Each structure stands twice: as C-alpha cells, then as structure tokens.
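Hello! Please keep the picture open while you read.

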Amino acid sequence: MMDIILLVAIGILAGIISGMGIGGGAILIPALTIFFGQSQHAAQNINLIYFIPTAAFAVFAHAKNDMIEKQILPKIILGGLLGAVIGAIIAINLEADTLKQIFAVFLLIAGVAEFFKKEKSRKEQ
C-alpha cells in the first residue's frame, strides 16, 4: 500500500513539474531508480510513456491561455523528432551506469544554468 501511495505522490510531483514546463523526468527517473529499484533504461522508458498524457494536458492548458509561440513549432518539432531518434539509438546501446551518469550530468548542468540564468520579464519578451 505504501508503494502505491509513494508512486502516486511521485506522479503528482512530477506532474506539477511537467505542467510547469520543467520536465517531470527530473523527479520521476531518480525516484524510480532510487525508491523502486528500476534500471535506468526502465525508468527512462517509463518516463517517456508518462510524458505523453501529462504533456498533452499541459499543451492544452498552455494553448488555452495563449502561451505557445506557434511560429517556432514546426522547426523545433522537426529537430526534436530527429534528436529523439538519435537519442533513443544511443540510449539503447549504452550501459545502464553510463546512461545514469549522462542523465546526472545533464541534470547538474541544467540546474546550474537555471540557477545563474537572469530572468527576463514577460514584458521584454
């Protein structure tokens, strides 16, 4: 029963982070590997499946509030699809420990970059 409660709590926290556009995988992947013993590959694959419904709802909410820059979508989606294919091929061929280390370095770099990033006001954009 505690596992179910913990999974739901992790899902809620990751969903909140996802809805904010930050990326729930930053919470979900470490939680699945640390608390539930999932391999790095399994946790990242679960995150990909988890992402579909949470991203769909977030897109709906943000589009409803006119918060999506539609003119950049085709280019960024094309690049994202190409990157996803390349990333999946790389991830499949990496050892779990290597994949975990790459993910940790990515989170560290992203966290440090966000910490030092100067925020633009919405009026300047």
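1. Let us begin with the charged pairs. The structure holds 2 salt bridges, where a salt bridge is a side-chain nitrogen of Lys or Arg within 4 Å of a carboxyl oxygen of Asp or Glu. Lys70 pairs with Asp66, with 3.8 Å between the closest N and O atoms. Glu114 and Lys117 also meet through their side chains in a salt bridge, at 3.6 Å from N to O.

2. A word on where these values come from. This is a predicted model, in which local features need pLDDT of at least 70 and side-chain atom pairs count only at pLDDT 80 or more, while totals for chains, interfaces and linings use all residues. Residues are numbered from 1 along each chain as its sequence is written, and side-chain values use heavy atoms, leaving out hydrogens and water.

3. Now for the overall layout. The chain has 5 helices and 0 strands; helices (H or I, at least four residues) and strands (E, at least two) are DSSP runs, numbered from the N terminus. Reading along the sequence gives the pattern α-α-α-α-α. Taken along the principal axes, the C-alpha atoms fill a box of roughly 45 × 35 × 30 Å.

4. How much of the chain is buried? Of its 125 residues, 17% are buried, which means under 20% relative accessible area, with exposed being over 50% and partly exposed in between (1.4 Å probe, protein chains only). As for contacts (heavy atoms within 4.5 Å), 53% of those with a separation of 6 or more join residues 24 or more positions apart.

5. Please go back to Asp66 for a moment. This residue sits in the loop between H3 and helix H4 (73–93). Asp66 counts as exposed because its relative accessibility is 57%. Its phi is positive, about 55°, although Asp66 is not a glycine.

6. Next, find Asn47 in helix H3 (residues 40–64). Is Asn47 buried or exposed? Asn47 counts as buried because its relative accessibility is 15%. Leaving aside neighbours within four places in sequence, Asn47 is in contact with Gly24, Gly25, Leu28 and Ile29. A polar atom of the Asn47 side chain lies 3.5 Å from the backbone nitrogen of Gly25.

7. Gln44 is also found in helix H3. With a relative accessibility of 18%, Gln44 counts as buried too. Not counting residues up to four places away in sequence, Gln44 touches Ile29, Leu99 and Phe103. The C-alpha atoms of Gln44 and Leu99 are 9.6 Å apart, although 55 residues separate the two along the chain. Gln44 and Gln40 make a polar contact through their side chains, at 2.8 Å. A polar contact is a pair of N or O atoms within 3.5 Å; within protein, one must be able to donate a hydrogen and the other to accept it, and residues adjacent in sequence count only if both atoms are side-chain atoms.

8. How do two helices pack? Two packed helices are described by the angle between their axes and the distance between the axes. H3 and helix H5 (residues 96–116) pack at about 55°, with axes 8 Å apart. That makes H3 oblique to H5, since angles under 35 degrees count as roughly parallel, over 145 as roughly antiparallel, 65 to 115 as roughly perpendicular and the rest as oblique. The axes are lines fitted to C-alpha atoms, for helices over the stretch in contact, and angles run from 0 to 180 degrees between N-to-C directions.

9. Which residues in H3 and H5 meet? Gln40, His41 and Gln44 in H3 meet Ala96, Leu99, Lys100 and Phe103 in H5. By class, this contact has 3 nonpolar, 3 polar and 1 charged residues. Here Ala, Val, Leu, Ile, Met, Phe, Trp, Tyr, Cys and Pro count as nonpolar, Asp, Glu, Lys and Arg as charged, and the others, Gly among them, as polar.

10. Finally, look at Gln101, which lies in helix H5. Gln101 counts as exposed because its relative accessibility is 52%.
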